[in-house]
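Let's take a walk through this model together, one element at a time.

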Amino acid sequence: MKKISVLLIACACCFLLIFFSRCMSGSSAVTVDTNYKEPFKKLSQYHFFKGDIKQLTPNDRVLPYDLITPLFSDYALKARFVWMPEGTAAKYVKDEVLDFPVGTVLIKNFYFPADFRDLSKGKKIIETRLLIHKPDKWDALTYVWNADQTDADLNIIGDTKSIDWIDKNGNKVHDEYSVPNKNQCKTCHAYNGTLSPIGPKVRNMNHDYSYTDGNANELDRWAAAGYLTGYNKADNIDNKMAKWDDSTTGDINARARAYIDVNCAHCHRKEGMANPTGLYLNFTNQNEASLGILKTPEAAGSGAGNFLYDVIPGKPDESIMPYRMTIDEPGKMMPQIGRKLVHTEGVALIKQWIAGMEQSSTNNKK
Amino acid sequence: MKRNVFITTIICFTAIFFCSCGSDKKSPDASGFTYSEDFQNKLLEQCITAEDGSTIEIPEGKFLLKKPLSIDGKKHLTIKGAGAGKSVLSFLHQTEGGEGLLVTNCNDITIQGFTIQDAKGNNLKLLNCDTIAIRDMNSTWTSGSDSTNGDYAYYPVQCKHLLMEQCEASYSSDAGIYVGQTINVTVRNCYAHNNVAGIEIENCINSDVYKCKAENNTGGILVFDTPGLPLHNGRNARIYDNDCISNNGTNFGKVSSMVSTVPPGTGIIVLATDSADLYNNRIFYNKTVGISVICFQLTGKPYNDSLFGPYCNTISIHDNKFDSKAISMPDMSKDMGKLVALGLKGYKDIIVDGSADPKLRDNKGQVPDDYKICIRNNGDIKFANLNFWEVKGESDITDHVDHDLSKFDCEHAGINGNGSN
């Protein structure tokens with residue numbers, strides 16, 4: 001009898017302990033079953049964030065990161081996180097995406113501040129995209145946030161969201177923002193026909209990030225957190241992209257090549273969906289013809305305007321590449337998906353790059 | 001005052017006259033269509049989540065879609081409607097995406113029995129698929145010959161084992177049926193009309209195009225090999241039993257496109273391709289040239305591709321019928337047309353540039369038999385050989401023209417296309 005009551009008390013204590021520890025941390029541990037047949041219907045079920053979910057406060061072992069030069073998505077800001085199962089780590093790869101272990105989740109939240117001049121005026125999270133490394137392949141999942149910003153629901157077929165904000169110049173902007181459907185995710189995330197991450201490459205992460213405990217190099221932090229193996233810092237001092245809009249990080253050529261690598265080369269590389277075009281804009285390509293210099297377009301149709309070549313050195317206003325970036329009409333614009341608005345600053349960068357190219361021989365040195 | 005009215009009236013009539021002559025644009029087909037978000041979302045979801053081996057049915061009716069459809073990574077899938085013209089998908093008000101229907105990375109896919117129209121880019125694109133059947137389809141733009149129409153009505157690219165049959169393609173601003181960088185191609189019993197190019201086979205290996213009708217395009221059937229693409233050196237094509245009729249349409253292609261160089265009034269062009277057999281075709285009422293066999297240099301387009309062979313080798317043209325009765329002057333809107341009209345003094349049934357790869361010529365300038373252009377049994381034809389390889393420096397292209405068919409009296413065995421017939 002006594003034994004039983006001791007046991008009961010012990011059990012109760014255990015339960016209380018678990019209960020309180022959960023309360024203390026504000027949430028459960030991250031929950032990812034990589035063998036799922038049906039993914040979670042709600043973002044909250046993964047417990048990537050603790051406390052008030054819309055604050056995007058990362059749970060234990062959910063590590064924030066960013067990219068030096070990000071993809072343009074209608075000016076959306078992005079909060080990126082990575083999570084890997086205990087005891088696993090990504091393997092270092094020099095020029096491509098890191099080799100992530102099974103179970104990895106890359107988490108990307110797309111949000112718009114009400115006023116880009118004053119981020120304290122609040123924000124609206126539109127969608128959270130997950131890339132989950134299942135045992136046999138990556139899967140892309142999109143969760144669309146509800147109006148109250150209390151959770152986000154799994155979405156397969158995409159969505160369109162009307163969004164308004166004030167831009168950094170004080171102008172009102174309206175956007176019919178497009179949440180991609182599941183197949184559209186793969187349009188960009190295709191590597192030789194299979195789904196693959198794009199962003200987390202050494203050259204695009206090799207800079208300082210402002211962590212809650214101070215600034216640190218992202219790759220150093222990943223290594224320290226046990227999320228990266230085989231990385232030798234000394235070998236990668238120069239393995240670093242320019243930040244497209246920061247002239248202290250590289251000259252016009254370096255910044256333009258960074259920009260087109262990130263904004264075009266997910267498709268426009270030999271392994272991407274735009275392979276048939278023969279136009280390859282990836283960072284490591286040094287072949288002038290396939291970089292578009294005096295290259296006639298393949299299947300550009302009306303997207304080519306009245307122009308003959310992708311890039312004419314010295315003549316940005318007669319080059320197809322910046323022209324297609326200035327269009328917002330489906331079927332003609334580039335990229336074909338992922339934006340509804342024109343990235344004015346990006347267009348200016350590419351035009352400046354082309355204007356400065358020598359007309360006789362073209363300079364694509366990094 | 002009266003005089004002003006009179007002048008205005010004249011200006012109006014003149015304007016109407018020029019408008020009506022310049023193109024055949026019209027309002028797009030929107031009547032009878034319904035847009036339902038539920039329908040769109042259901043079809044989108046079916047396309048995305050379809051199980052391997054299943055069939056996606058498109059009901060009879062006229063449906064507007066604002067979002068593009070896509071199918072990726074499926075096996076043994078069929079998407080079918082109640083018949084071309086019965087199930088109609090219109091992308092007239094498309095808000096995103098470069099295609100109407102995009103099919104990628106599939107193995108064994110059948111697309112049949114519906115109409116796709118008015119997509120912003122291409123109506124139907126297939127990329128990296130193996131074993132494809134496209135049949136009983138219609139793909140068109142409904143505003144007439146408009147340069148803002150999409151590029152390709154059908155755009156299979158980098159695929160293998162493609163069969164297209166009983167498909168209609170019209171009003172593409174590039175090619176109606178465009179097959180690119182694909183291996184083992186059969187296009188048969190198809191009807192391509194009012195496009196810039198009717199049927200174009202580009203950088204493909206092993207192709208058969210037969211029993212098709214290409215009518216009222218700028219150019220009827222094109223067999224092209226172009227530089228700068230991953231699949232190099234398109235070869236081994238058979239074009240036979242086709243009707244290429246009255247391909248005299250205005251070239252409304254964009255200047256950057258290869259087809260923009262095609263002169264109106266063209267039946268068939270073979271460009272920079274090796275091993276092509278053109279026979280038993282009826283090539284009637286094309287006002288500039290019935291068949292031309294030309295090297296890439298003649299397009300005037302530059303290229304920078306060391307793997308690219310710009311010449312046509314091993315070409316056979318036999319047993320075709322030509323009829324140039326009741327046709328007017330050659331078209332003069334393109335360089336090739338001017339050459340025919342002025343340099344060659346009018347329409348020709350067959351023009352060859354006579355310029356096999358110089359590396360293949362022996363020290364007397366002769367091309368070995370296996371690589372020759374052979375022309376035989378085409379009736380009493382109007383023929384010109386440009387001898388383009390002799391054109392050097394400032395000499396004019398017309399200085400070297402001759403009309404001697406006897407050098408071409410040969411035949412090739414072993415061009416077997418897709419070998420499907």
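How many of the six residues of strand β17 (residues 197-202) of chain B are buried? Six of the six are, so to speak, under cover: the strand is mostly covered. Keep in mind that this is a predicted model.

Look next at the neighbours of this strand. Strand β14 (residues 175-180) of chain B runs parallel to β17(B), and five bridges join the two. Within this pairing, Ile177(B) stands opposite Ile199(B) of β17(B). Strand β20 (residues 219-224) of chain B also runs parallel to β17(B), again joined by five bridges. Here Glu200(B) stands opposite Leu222(B) in β20(B). As background, strands of a sheet pair through backbone hydrogen bonds, in either a parallel or an antiparallel way.

For the antiparallel case, turn to chain A. Six of its strands form an open sheet in the order β1-β2-β4-β5-β6-β7, with antiparallel pairing. At the edges lie β1 (63-65) and β7 (152-155) of chain A, each pairing on one side only. From one strand to the next, the twist averages 30°. Inside this sheet, strand β4 (residues 105-113) of chain A and strand β5 (residues 123-133) of chain A run antiparallel and are joined by nine bridges. To find one of these in the viewer, pick Phe110(A): its bridge partner in β5(A) is Glu127(A).

Helix α7 (residues 344-355) of chain A has twelve residues, and at 1.5 Å a residue it should span 16 Å; its end C-alpha atoms are 16 Å apart, so the two values agree. Which residues of α7(A) are buried? They are Gly346(A), Leu349(A), Ile350(A), Lys351(A), Trp353(A) and Ile354(A).

Finally, zoom out to where the two chains meet. The contact takes 34 residues from chain A and 39 residues from chain B. On the chain B side, α2 (37-49) and β4 (69-72) of chain B each supply at least two residues. The most comes from α2(B), with five residues. Sorted by class, the side of chain B that touches chain A has 20 polar, ten charged and nine nonpolar residues.

Technical notes:
Residues are numbered from 1 along each chain as its sequence is written. Chains are lettered from A and ligands numbered from 1 in the order in which they are written. This is a predicted model: local features need pLDDT of at least 70, side-chain atom pairs count only at pLDDT 80 or more; totals for chains, interfaces and linings use all residues. Two residues are in contact if their C-beta atoms, placed from the backbone, lie within 7 Å. Helices (H or I, at least four residues) and strands (E, at least two) are DSSP runs, numbered from the N terminus. Ala, Val, Leu, Ile, Met, Phe, Trp, Tyr, Cys and Pro count as nonpolar, Asp, Glu, Lys and Arg as charged, and the others, Gly among them, as polar. The expected span of a helix is 1.5 Å times one less than its number of residues. A residue is buried if 20 or more other C-beta atoms lie within 10 Å of its own, exposed if 12 or fewer, and partly exposed in between; C-beta atoms are placed from the backbone. Two strands pair if DSSP finds at least two bridges between them. Axes are lines fitted to C-alpha atoms, for helices over the stretch in contact, and angles run from 0 to 180 degrees between N-to-C directions.
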